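Colleague: I have a new model on screen and would like to learn how to read it. Walk me through it one feature at a time, please.

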Amino acid sequence: MNLRRFDALIVGGGGAGLRAALQLARSGYKVAVVSKVFPTRSHTVSAQGGITAALGNVDDDRWEWHFYDTVKGGDWLGDQDAIEFMCREAASAVYELEHMGLPFSRLAGGKIYQRPFGGQSKNFGGEQATRTCAAADRTGHALLHTLYQQNLAARTQFFDEVFALDLVRDAEGYCLGVTALDIETGEPLLIEARATLLATGGAGRVFWNSSNAMINTGDGLGMVLRAGLPLQDMEFWQFHPTGIAGVGCLITEGVRGEGGYLLNRHGERFMERYAPHARDLAGRDVVARAIAIEIAEGRGCGPHGDYVEAKLDHLGAAVIAEKLPGIRDLSIRFAGVDPAKSPIPVAPTAHYMMGGIPTNLHGQVVAPARFGPEEPVPGLYAVGECACVSVHGANRLGGNSLLDLVVFGRAAGKHMLETLRENPYPRPMPADAAAASLARLARWAQPGSERVAAITDALRRTMQTHCGVFRTEATLRAGLAELDRLEARLAQAGLTDSSRVFNTARIEALELENLMAVARATLVSALARTESRGAHTREDHPQRDDARWLKHSLYSRAGDAVDAKPVRLKPLTLESVKPEKRVY
Amino acid sequence: MSDGAADRIAWRCRRGMLELDLLLGGFWAARRATLQPDETAAFERLLGLSDREIADRLQAGEPQSDAELETLFDCLRRFEAQNIQDPP
């Protein structure tokens, strides 16, 4: 097998991976970024609205208010030390991007443009704040291209169109790199590194109706589960309130930040009933549930009553063209309406995974071990949507995901530098390092009676039906039973294409294995958590239950076990924000 | 065109934005058998653009110096108008 050796390895070419890679490459280390698509086609490019930092360019603001809003937005499941770290580092992270050349939109005086987003407040729950820094409605694209250019300048080595298969660990648990598959040649690779970071993004394609690009198949999560490590808080999936109905493409919250609002079939601004204070700018989970209720109770729009409308024509064509040009284009192309003239049909769409690979503030992957519940896995890091640090708790606020990428990407990069200095030589590679991966590849060289695409479709429909915005024990158990049947079918699946070169069917089969693992982690964790918190809504347990459930869940593949670990309620320097009823 | 070359193009229709996944992947699946070699070559050049460049050029409709690419963008706009997609 072809062996490549680097100081540090980054799996995933999105914003988190590129920010960490830059930290390492600028320090002179030999860094590889492995990405299954060209890095600038990573899903970070889709982030429309912006990156949140309390710069105070438009209105008074303080990072402590951002901290409070993030704790509250996450329904107190977020770790307050990590949230303080992120909010405090936010301004410097944004200015750093500005200095790298990210073309932020500008206010008249030249400062970075900021817009209001849902869940943002002044004075710890007071009036609406204006905190999200934006490059028009293409902030993610600007961020990704800026970081990519900086990495090219720093001589980061890119392995494009290479699919990561499995983590390689030695008998003592050290991560020594990954196995991978070169998509173009079909050749397996062993990529060795003294520090490995997973930045593989989310897994939103596990749902039928999703805003996520097709690449979001939870590859890093599958790798971690196969390595015997746990996933944290996998029951928490954010359904973005405003996906284009029937398609899933996202209409950014910036639309409501700029003054757009939602209407039901009676022309009522229904968010006034659900969130009298914040109305359309309440937290995403609150707005998504409100829309789901309006639709379920017969107040949806259209011939099937299956969507509500986002109205923004009152903003005027000039404002829409200047502030939301991409949204106008999306609406015309995928909904057939010009929002300067007509409202956009919208419905909740699976958007973001709050859970993921458990990490500490340095991005080190942590897992229960001999000496405690959060021991670092040596040599292994995770950052971004695939990770759970946990700053988003039970529900992420808009504008905090790009911030998460750059703050913890930088933090992980810095800690990886320490790891490289403390471990100057590679550890011995086990003789059977690639055995499990080669067995997986050999399995997909066999014929079978079931088709991968059919199972993938069935999986996504199952998750949408049984694990969507509203859940009950009965729906989740039915979902698990269906998943058992799908796994049995997967065991019988085979490929009709046995070629090596660009065998995309084989990649889709490997992605399905990862999605299956994510689905099981989600269903089992959602069944275990008998309360409603943030984005996890159990109709049979409608209240938040802090006495029993103010804790993180830890799912392990062995025996489908769900363990728990405490939420860190103590920030680094601030007073703890005590749990209270979450009202907007 | 070999299967490997066609699959390479199919993989490069995987983008960072769902709307481009739907449009480019849908277009290639529907038209790969009928595109002429020069049209296929232009489609590969189009796939080399960034997601935002593709989205902007689909939106703007401004004439470009590459006539083959411009014809292809017209083709994509017509395809999209005829096929507002459901998610696959």
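## Reading the model

Modeller: Let's begin with Arg269(A), which counts as partly exposed at 24% relative accessibility. The cut-offs are under 20% relative accessible area for buried, over 50% for exposed, and partly exposed in between (1.4 Å probe, protein chains only). Do remember that this is a predicted model, where local features need pLDDT of at least 70 and side-chain atom pairs pLDDT 80 or more, while totals for chains, interfaces and linings use all residues. Residues are numbered from 1 along each chain as written, chains are lettered from A and ligands numbered from 1 in written order, and side-chain values use heavy atoms, without hydrogens or water.

Colleague: Which residue does Arg269(A) meet in a salt bridge?

Modeller: A salt bridge here is a side-chain nitrogen of Lys or Arg within 4 Å of a carboxyl oxygen of Asp or Glu. In this case the partner of Arg269(A) is Asp280(A), at 2.9 Å from N to O. The pair ties together distant parts of the chain, eleven residues apart: Arg269(A) is in the loop between strand S12 (261-263) and helix H7 (271-274) of chain A, and Asp280(A) is in the loop between H7 and helix H8 (284-296) of chain A. Those element names follow DSSP runs, numbered from the N terminus: helices are H or I with at least four residues, strands are E with at least two.

Colleague: Is Asp280(A) buried or partly exposed?

Modeller: Buried, at 4% relative accessibility.

Colleague: How many salt bridges does the rule count over all chains?

Modeller: The total is 62. Arg485(A) is partly exposed at 48%, and Glu482(A) is partly exposed at 22%.

Colleague: Which residues are linked in a network of salt bridges?

Modeller: The members include Asp75(A), Asp233(A), Arg289(A), Arg529(A), Arg544(A), Asp546(A) and Arg582(A). Zoom in on Asp546(A) and Arg544(A), where the closest N and O atoms are 3.0 Å apart. Asp546(A) is partly exposed at 27%, and Arg544(A) is partly exposed at 23%.

Colleague: On to the two chains. How many residues does the contact take from chain A and from chain B?

Modeller: Contact means heavy atoms within 4.5 Å. By that rule, chain A gives 41 residues and chain B gives 31. Then there is buried area, the accessible area (1.4 Å probe) that two parts lose on being put together, summed over both. For chain A and chain B it is about 3100 Å², with carbon and sulfur atoms giving 54%. Arg41(A), Met214(A) and Arg333(A) supply 24% of what chain A buries against chain B, more than any other three residues.

Colleague: What about polar contacts?

Modeller: Those are N or O atom pairs within 3.5 Å; within protein, one atom must be able to donate a hydrogen and the other to accept it, and residues adjacent in sequence count only if both atoms are side-chain atoms. Across this interface, twelve residue pairs qualify, with both residues at pLDDT 80 or more. On the side of chain A that touches chain B, two or more residues come from each of helix H4 (139-153), helix H10 (325-335), helix H13 (452-466) and helix H15 (504-528). The largest share, five residues, comes from H10(A).

Colleague: Where is Asp329(A) found?

Modeller: In that helix, H10 of chain A. Asp329(A) is buried, with a relative accessible area of 8%. A 2.8 Å polar contact joins its side chain to that of Arg333(A). Leaving aside neighbours within four places in sequence, Asp329(A) is in contact with Ala55(B) and Gln59(B).

Colleague: How many helices and strands does chain B come to?

Modeller: Five helices and zero strands. Of the 88 residues in chain B, 52% are buried. Among its contacts with a separation of 6 or more, 57% come from residues 24 or more positions apart.
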